[in-house]
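The following exercises are to be worked through with the sequence and the structure at hand. Each task is followed by a solution in steps.

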Amino acid sequence: MIRLERVSFRYPSGLLALHDIDLTIQGGDFLAIMGENGAGKTTLAKQLNGLLKPSEGRVTVDGEDTRKVSVAHLARKVGLVFQNPDHLLFSETVKDEVAFGLKNFGFTPEVVEKQVGRTLEALGLAEYADTSPFLLSGGERKRVALASILATEPDYLILDEPTIGQDYQQKERLRNFILQLYSQGKAVVMITHDVEFVAEANPKVILLSKGGIVGQGSAESVLSRDEMVNRASLVKPQMSRLFGSLARFGLPRDVVDVHRARLLLEEKLGGVKETVTTNS
Amino acid sequence: MLVVAVLVPALLFASVWVMIILLLSQLPLLFIGRVARRWALSLRAGVFLSGLIFVVNFFTGSLFSAIALTLRFLVLLTTFSLFFMTTSPDDLGLALDRIGAVRWLSRKWLGYPNALSFTFTTAVRLVPTLAVDAQTVVDAQRSRGLELDKGNLFRRIRNYIPILIPLLLIAIRRSLELAEALESRGFPGKEGRTSLFQLKLKGPDYAVIAVSVVMIVVSVWVFLHYRVPVF
């Protein structure tokens, strides 16, 4: 369990980036941290593996205070995937890149090879194992970065803007992958601006604004409310906008995902359902 | 110009008194330029090095030459601080652009008179961006379990490979992107480009140049005709 207790953080420049954050992350959790640019999302992510230590309050990972243990020690449990893959790729082949973390943690060559193979397979990168990561496209490099963290099987996976630069099918794969991870009991925290992705994946949403948590709850309850999305400089997902205008027909406003929208509409349309299906 | 005027006597004479005069004469300028506080900070950063200079020269020379050389270091530090803290790189680039020799060299080498000064300002500007990138790369690799200060000396140097390669590639990629961005905005443009701010030499500038020239000439003359004692 990662626990943040009244965490505040001030950069040396004097900027107060986080204030009074209380948050608990447990195995099986799936959280999305959303908020405007400069809200403190990345700063918060860096608190979780000890890259930044709180100025006030404390962060504990499975009971260990992040101030007292090294980042390398925490990195075994908390995997943080940075937004820009170019900040971490350096190896000659994709295989070596993914093996880097495992070697740092002192796994035996056999384990390293097995884990690398499994991870590349899972992320659809197996065919690039011997390619240089620098020859891959932006989206592929991003997946290599993700693979390089996933290979170490962290209990807590923190993803900074994982959907940027991914095409829709890749996003769909990522969504399934995340689902798999947290149903296996791992915790997944993603930082994102991607409202549509959040609407479909339905994590618990933590809304961050100007360094403080201004709202939290299910994707439905947060993303369908104007006062919430405006505060975090977001726009409501398409389904929510649609159901906002359909409210006068007696439909609920808090619909954000296609699945629930479909069920509700089918129920409402009832009799006409058959003609719709025959038309299509 | 004033920088040169201070550097010439500072480097020609290893005398305690000359250094003290040079140092004191710059103090008012620090306050006029409102950089006294930042100068004090850079002095603090220079404490270790000046201590080293003092110790080394104390054992290889005399007490007074050690004092003189330490003071010389402080004079150089002050002069350069004063210059770079009061002159923005943009202004410096503009000024370089006005120097005929720079334009001539630039046209000769790079085919365009503003290219050299532009290269200079761009280089200076990329430093802070690169520093931010470096921090991010370090953070990213530490998140993958890299421990920079682990192992023996050789191992520690090797630890920096995962930092340096991404940084180098980011820098190269950024320069290529910058080049493309510049070209898509019509760089280098036509001859005779004008700039929004025109730097012109005015009365005070000529006064500074005059003072500087006098200082340089006097220092060289004294250096050639007299031996200035260390103390």
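**Exercise 1: Salt bridges**

Asp62(A), Glu64(A) and Lys77(A) are linked in a network of salt bridges, a salt bridge being a side-chain nitrogen of Lys or Arg within 4 Å of a carboxyl oxygen of Asp or Glu. This is a predicted model, in which local features need pLDDT of at least 70 and side-chain atom pairs count only at pLDDT 80 or more, while totals for chains, interfaces and linings use all residues; side-chain values use heavy atoms, without hydrogens and water. Residues are numbered from 1 along each chain as its sequence is written, and chains are lettered from A and ligands numbered from 1 in the order in which they are written.

Task: Determine which parts of the structure are joined by the salt bridges of Lys77(A), Lys46(A) and Asp86(A).

Solution. 

Step 1. The closest N and O atoms of Lys77(A) and Glu64(A) are 3.4 Å apart. Lys77(A) belongs to the loop between helix H2 (71-75) and strand E6 (78-81) of chain A, and Glu64(A) to strand E5 (residues 64-65), so the pair ties together parts 13 residues apart in sequence. Helices (H or I, at least four residues) and strands (E, at least two) are DSSP runs, numbered from the N terminus. Lys77(A) has a relative accessible area of 22% and is partly exposed; Glu64(A), at 25%, is also partly exposed. Buried means under 20% relative accessible area, exposed over 50%, and partly exposed in between (1.4 Å probe, protein chains only).

Step 2. Asp139(B) and Lys46(A) form a salt bridge of 3.3 Å, N to O. Because Asp139(B) lies in helix H7 (residues 115-142) of chain B and Lys46(A) in helix H1 of chain A, the pair joins two chains. Both Asp139(B) and Lys46(A) are buried.

Step 3. Between Asp86(A) and Arg173(B), the closest N and O atoms are 2.5 Å apart. This pair also crosses between chains, from the loop between E6 and helix H3 (94-104) of chain A to helix H9 (residues 161-184) of chain B. Asp86(A) is buried at 14% relative accessibility, whereas Arg173(B) is partly exposed at 24%.

**Exercise 2: A helix with a buried face**

Solution. 

Step 1. The buried residues of H6(A) are Gln170(A), Lys171(A), Leu174(A), Phe177(A), Ile178(A), Leu181(A) and Tyr182(A).

Step 2. Elements covering the buried residues include strand E3 (30-35), helix H4 (109-122) and helix H5 (138-150) of chain A. The face turned away from the buried side carries the exposed residues Tyr168(A), Gln169(A) and Ser183(A).

**Exercise 3: A residue of strand E3**

Task: Is Met34(A) buried or exposed, and which residues does Met34(A) contact?

Solution. 

Step 1. Met34(A) is located in strand E3 of chain A and is buried, at 0% relative accessibility.

Step 2. Beyond neighbours within four places in sequence, the contacts of Met34(A) include Lys41(A), Thr192(A), Val198(A), Leu207(A) and Leu234(A). Contact means heavy atoms within 4.5 Å.
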